Amino acid sequence: MANNLLAGKRGVISGALDEQSIAWKIAERCVEEGAVITLTNAPVAMRFGEIQKLAEKCKAEIIPADATSMEDLEQLFSKSQEILGGKLDFVLHSIGMSINVRKKKEYTQLNHEWMLKTFDISAISFHKMMQVLYNTDAMNEYGSILGLSYIAAQRTFPDYSEMAESKALLESFARSFGYHFGIKNKVRVNTISQSPTMTTAGKGVKGFTEFFDYADKMSPMGNASAETCADYCVAMFSDLTRMVTMQNLYHDGGFSSMGMSPAIIGL
Ligand SMILES: NC(=O)c1ccc[n+]([C@@H]2O[C@H](COP(=O)([O-])OP(=O)(O)OC[C@H]3O[C@@H](n4cnc5c(N)ncnc54)[C@H](O)[C@@H]3O)[C@@H](O)[C@H]2O)c1
């Protein structure tokens with residue numbers, strides 16, 4: 001159901017790799033709600049070619065950018081403003097990748113060089129994006145910047161490994177930069193802490209399918225889907241949430257407030 005909540009707004013959506021990607025659904029919903037957008041992903045992700053389909057559907061241009069490169073990000077945001085015809089109203093950071101998880105390293109045996117790379121891709125890139133947006137004055141007043149997080153930032157989920165610390169860092173960047181952006185021109189910065197979702201990044205975590213089912217049972221409303229996450233992002237990009245900033249917002253069907261679930265212990 002479209003309500004033109006983003007009519008006249010310009011945005012940049014990162015992280016759509018394939019149809020399962022949370023960012024894919026977010027891009028579709030933003031356009032449905034009247035926004036014009038550009039899409040971006042790492043140059044290597046272009047090889048899979050899936051993003052072209054999304055670009056056609058959303059009538060959006062794709063601007064490849066490695067989110068760890070300040071130069072790429074400067075280009076991304078200046079080109080986006082040129083293409084879309086003005087300053088930006090919203091930006092989505094939907095980027096995550098752990099080298100140690102990919103290489104199946106145990107948490108007690110992590111390679112710290114890889115860890116730094118993981119932090120750079122999954123969290124510092126959020127700061128880099130915001131620094132470019134801030135320094136080039138690329139955001140409109142009351143604009144909205146979102147990052148996607150996970151509750152492993154607050155609680156221990158052993159197989160999530162160094163991504164837990166990546167998310168803690170990501171959420172902290174949202175609070176700290178949210179302060180500076182709020183003062184500068186009332187731009188909001190938040191993270192959405194999403195339920196486990198069947199995507200390429202999600203399925204990279206050991207035991208993900210079993211864990212997905214566990215979280216589904218633990219949450220009174222079940223796991224929140226990528227589609228409902230897209231709805232929430234639209235709300236956060238819209239003018240209806242103008243005073244929400246520096247928050248980590250749970251979008252998880254109630255999981256984060258649960259202590260014990262009778263459904264899990266068979267009561
Ligand atoms: N799937 C889940 O269970 C879940 C739950 C909570 C939060 N999240 C978060 O949602 C976000 C999106 O992940 P997803 O689940 O849609 O998976 P996904 O694999 O579809 O998306 C991850 C994206 O990051 C991109 N990326 C990796 N390195 C990059 C770089 N250097 N520069 C630019 N882009 C790069 C990938 O190309 C990919 O598009 C991530 O931050 C993830 O941690 C996922």
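In helix α2, residues 50–58, the residues I51, L54 and C58 are buried, where buried means that 20 or more other C-beta atoms lie within 10 Å of the residue's own, exposed means 12 or fewer, and partly exposed means in between, with C-beta atoms placed from the backbone. These three cover an arc of only 55° around the axis, which puts them on the same side of α2; the arc is that of the directions from the helix axis to the C-beta atoms. This is a predicted model, in which local features need pLDDT of at least 70 and side-chain atom pairs count only at pLDDT 80 or more, while totals for chains, interfaces and linings use all residues. Residues are numbered from 1 along each chain as its sequence is written.

- An α-helix has 3.6 residues a turn, so residues three or four places apart point the same way.
- The cover over the buried residues of α2 includes α1 (22–32), β2 (36–40) and β3 (61–62); helices (H or I, at least four residues) and strands (E, at least two) are DSSP runs, numbered from the N terminus.
- The residue K59, which follows α2, has a positive phi near 50°.

- Nine of the 11 residues of α1 are buried, so α1 is largely enclosed by the rest of the structure.
- The buried residues of α1 are I22, A23, W24, K25, I26, A27, R29, C30 and V31.
- The axes of α1 and α2 come within 10 Å and cross at roughly 10°, where axes are lines fitted to C-alpha atoms, for helices over the stretch in contact, and angles run from 0 to 180 degrees between N-to-C directions.
- That crossing makes α1 roughly parallel to α2, given that angles under 35 degrees count as roughly parallel, over 145 as roughly antiparallel, 65 to 115 as roughly perpendicular and the rest as oblique.
- On the α1 side, W24, A27, E28 and V31 meet L54, K57 and C58 of α2, two residues being in contact if their C-beta atoms, placed from the backbone, lie within 7 Å.
- The residues of this contact divide into five nonpolar, no polar and two charged; Ala, Val, Leu, Ile, Met, Phe, Trp, Tyr, Cys and Pro count as nonpolar, Asp, Glu, Lys and Arg as charged, and the others, Gly among them, as polar.
- After α1 comes G34, whose phi is positive, near 100°.

**Nonpolar cores**

- The largest nonpolar core has 60 residues, of which I13, A16, I26, A27, C30, I37 and C233 touch the most other members; such a core is a set of buried Ala, Val, Leu, Ile, Met, Phe, Trp, Tyr and Cys residues joined through C-beta atoms within 7 Å.
- Leaving aside its neighbours within four places in sequence, I37 is in contact with G11, V12, I13, A27, C30, V31, C58 and A60.
- A second, separate core of 12 residues includes A152, M163, V205 and A215.
- In soluble globular proteins, nonpolar side chains tend to be buried together.

**Positive phi in two loops**

- Most residues other than glycine have a negative phi, and most peptide bonds are trans.
- K104, which is not a glycine, has a positive phi of about 55°, and K104 lies in the loop between α4 (99–102) and α5 (112–135).
- K104 is exposed, with 9 other C-beta atoms within 10 Å.
- S161, also a residue other than glycine, has a positive phi near 50° and is placed in the loop between β5 (139–149) and α6 (163–185).
- S161 is buried, with 22 other C-beta atoms within 10 Å.

**Partly exposed residues and sequence separation**

- Y142 belongs to strand β5 and is partly exposed, with 14 other C-beta atoms within 10 Å.
- Although Y142 and V187 are 45 residues apart in sequence, their C-alpha atoms are 4.6 Å apart in space.
- Not counting residues up to four places away in sequence, Y142 touches K186, D239 and R242.
- T200 lies in helix α7, residues 200–203, and counts as partly exposed, with 13 C-beta neighbours inside 10 Å.
- T200 touches L17, D18 and Q20, again not counting residues up to four places away in sequence, while the C-alpha atoms of T200 and D213, 13 residues apart along the chain, are separated by 17 Å.
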